[in-house]
Amino acid sequence: MRSKNACQKSEILMAREKLNFANPNNLPVSFKINGVQYNGMPESFNPKVTRKIVDSRINMYNIRGINEDGLEVNVEYYEYRDYPVVEWTVFFTNNGDSTCLRISDLLAFDALLEGNNPVLSYSTGDNCTPNDYEALKSDLNEPVTLSPLNGRACDGAFPYMRLLFDDFGYNIAIGWPGEWEANATKCEAGVKYTAKQKVLDAFIMPGETFRTPRMTVMLFEGDETRGINMWRRWYFDHVLICPEGVPLEPKYCIHATPEKGPEWCFATEEQQLQGMQKYIDNGYRPDVWWIDAGWYPNALDVEGSWWEVKKWEADEKRFPNGLYPIGKAAEENGMSFLLWFEPERVVNGSYIYEQHPEWVLLSMEKDKFLKGYSGMFDLSNKEATDWLIDHICSIIQKYNVKVFRQDYNFGPLDFWRYNEEEGRKGAIENKYIQGYLRYWDALTERNPGLWIDSCASGGRRNDLETMRRAVPLHYTDYGYGIHPMKQAQYRIHYEWIPYFRAMLTSWDNDEGTYEPTVNREIDEYAYHVGMGPATTNYRSCNCTNKADIDFDIKMAPIWRKAAEIMLKSDFYLMTEIRKSPEDWCVWQFNCPEEDIGYLHAVRNTLSPDESFVAKLVDLDENANYRLQDLINDREIIMSGRDLIHGLKISLEKRSGVLWFYNKI
């Protein structure tokens, strides 16, 4: 059976017509050089186009031109053969001697997208508040301008959006791990759409290169649901990281939390190895063994201090043999060793600040920094970035790290702006982002099989350039145990970043409301609201409660079966997601190519509705399906016609059901 969400030839042809940007004159980019406006690749640059077949699915066009002053404009333009998708990035390099080449008003995407009755679908992203990952829509009767906060790409705005017209639409992603801006303005013919690095008005020095955000545009026919699933299919085929050439599989992540202190400040080699062994003795081997912040030398007072990182080396008092024994034990037991880092944040008294203060960007006067503020490691500095690559690679290899977890607990915008020279607005940010991407690429190139977990006070730097190199195992710092909040967070990720880690955490009290001081025992409901491609049960992480571990052993195969289906299926949302405990949350994952899927229904803690009728999608109405509830050991047979007409589900408050199905 072929899914209705599979790419159609008509869409490829339509994309070739509407997204025909490989021609220099059609390139949807505009900029000014020394105040002179250019649109596309100007003839005065004598552009030349070369075509390269990247593989059987992708053509790459290089559009290159150079002007009389030695300013080279180089466009990397990708055209997908198996999806109606195009992508491009533009690089500007000063190959001459002039210091007076000033670039401004650079729009990475500047185009009129024609169509009737436009609607913009977008999200707030992650900002650690109740409006995290809010799904929003605008009819564009008023222009919409989107931009994140403080320089982190997903902080308060999401660099993924969908522009809908009457019978087709566009998925648009802005690949820029910094301060971007997008504008959508309704006009008579459709929508004027622009996107850019928010601020770039700078002289390009001889030998220097600036770049635009990487723009990704997908055309799809039909409604928004089809656009969602076309994106998911393309993401799994072309974006999801593939350590050692294999797409990332579901991961159960676990750790042994120290009995006291914040994070891992009081963790020891003995405590970690004993915790790992306890899981194994109880018959359970997780996929990922996780050590978070605090493994390095720190101020070991009563509370501990994970924030003050003096150097990226294991604390010799607590880990006399380094972390290699833990990394080795994890590998011997079939686990990947994950280790937390935050190298971009630099504190006073650290090795970096003491030995290389020239590699540290401050956002204020030095005397204030010395009183306890953090500085930022300068990834715009090539020498500094080269050192960091070498140093982090040495730690990865020395400790047998397989998952590199990088955090980013501050907004970089003030650091970029404070250090700008006159006439160089946005230059440091642009070069910093180039350094950041080069640094991550080097880590995976030098350490085959390594994969990266992107974290930034939650999920605040998960743009598409970053997601080509990583997955978010910690996509938010907000609402870990607030079930309706998690449902909204998952919904956005299922639509745009479909590999992430969920958490089996419950903060609801006996009245059905939520308070973070409550941390209920693990139960079936926690699993129902903690299903994701990766997951963690925090209550099991102290390794002392065998009942929790036994419950994990029972539930893990059911989670894994669901997670495996998630990663090859279309997604159908059947209920509104309003972050309300009074709602039901129902969705379906369907893989028509294999005639399998599952329906997942949850009745939240205060929902007054005792039942819900779920009308399944994209099934064969002339076939029969076997439905299995593996949690409660039930099985039923129903026709596709009846399932499409509607399956009535009745549940108690604070409960759920997961029906796996396959065609028979």
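A cavity is a set of grid points where a 1.4 Å probe fits but cannot get out, and its lining residues have an atom within 4 Å of a point. The model examined here is predicted. The structure holds 3 cavities of 30 Å³ or more. The volume of the largest cavity is about 90 Å³. Its lining is made by Gln487, Tyr490, Tyr494, His528, Val529, Gly530, Met531, Cys585, Trp587, His600, Ala601 and Val602. Three elements, α11 (483–496), β32 (584–591) and β33 (596–603), each give two or more residues to this lining. By class, the lining of the largest cavity has 8 nonpolar and 4 polar residues. No charged residue takes part.

Helix α11 also packs against another helix. Two packed helices are described by the angle between their axes and the distance between the axes. For helix α2 (residues 224–238) and α11, the angle is about 65° and the axes lie 7 Å apart. Angles of 65 to 115 degrees count as roughly perpendicular, and α2 is therefore roughly perpendicular to α11. On the α2 side, the contact is made by Ile228, Trp231, Arg232 and Tyr235. They meet Tyr494, Glu495 and Trp496 of α11. Tyr494 is also one of the residues that line the largest cavity. The contact of α2 with α11 has 5 nonpolar and 2 charged residues, with no polar ones.

Helix α7 brings Lys382, Thr385, Asp386, Leu388, Ile389, Asp390, Ile392, Cys393, Ile396 and Gln397 to the contact. Helix α9 brings Gly435, Arg438, Tyr439, Ala442, Leu443 and Arg446. These residues divide into 8 nonpolar, 3 polar and 5 charged.

Glu269, Gln272, Leu273 and Met276 of α3 make the contact with Pro325, Ile326, Ala329 and Ala330 of α4. By class, there are 6 nonpolar residues, 1 polar and 1 charged in the contact of α3 with α4.

Conventions:
Residues numbered from 1 in each chain as written. Predicted model: local features only at pLDDT ≥ 70, side-chain atom pairs only at ≥ 80, totals over all residues. Heavy atoms only, no water. Contact = heavy atoms within 4.5 Å. Helix = DSSP H or I, 4+ residues; strand = E, 2+ residues; numbered from the N terminus. Nonpolar A, V, L, I, M, F, W, Y, C, P; charged D, E, K, R; others polar. 1 Å grid on protein atoms, 1.4 Å probe; cavity = no way out; pocket = protein on both sides within 12 Å on 5 of 7 lines; lining within 4 Å. Points joined across faces, edges and corners; volume = space filled by probe spheres on them. Axes fitted to C-alpha atoms, helices over the stretch in contact; angles between N-to-C directions. Parallel < 35°, antiparallel > 145°, perpendicular 65-115°, else oblique.
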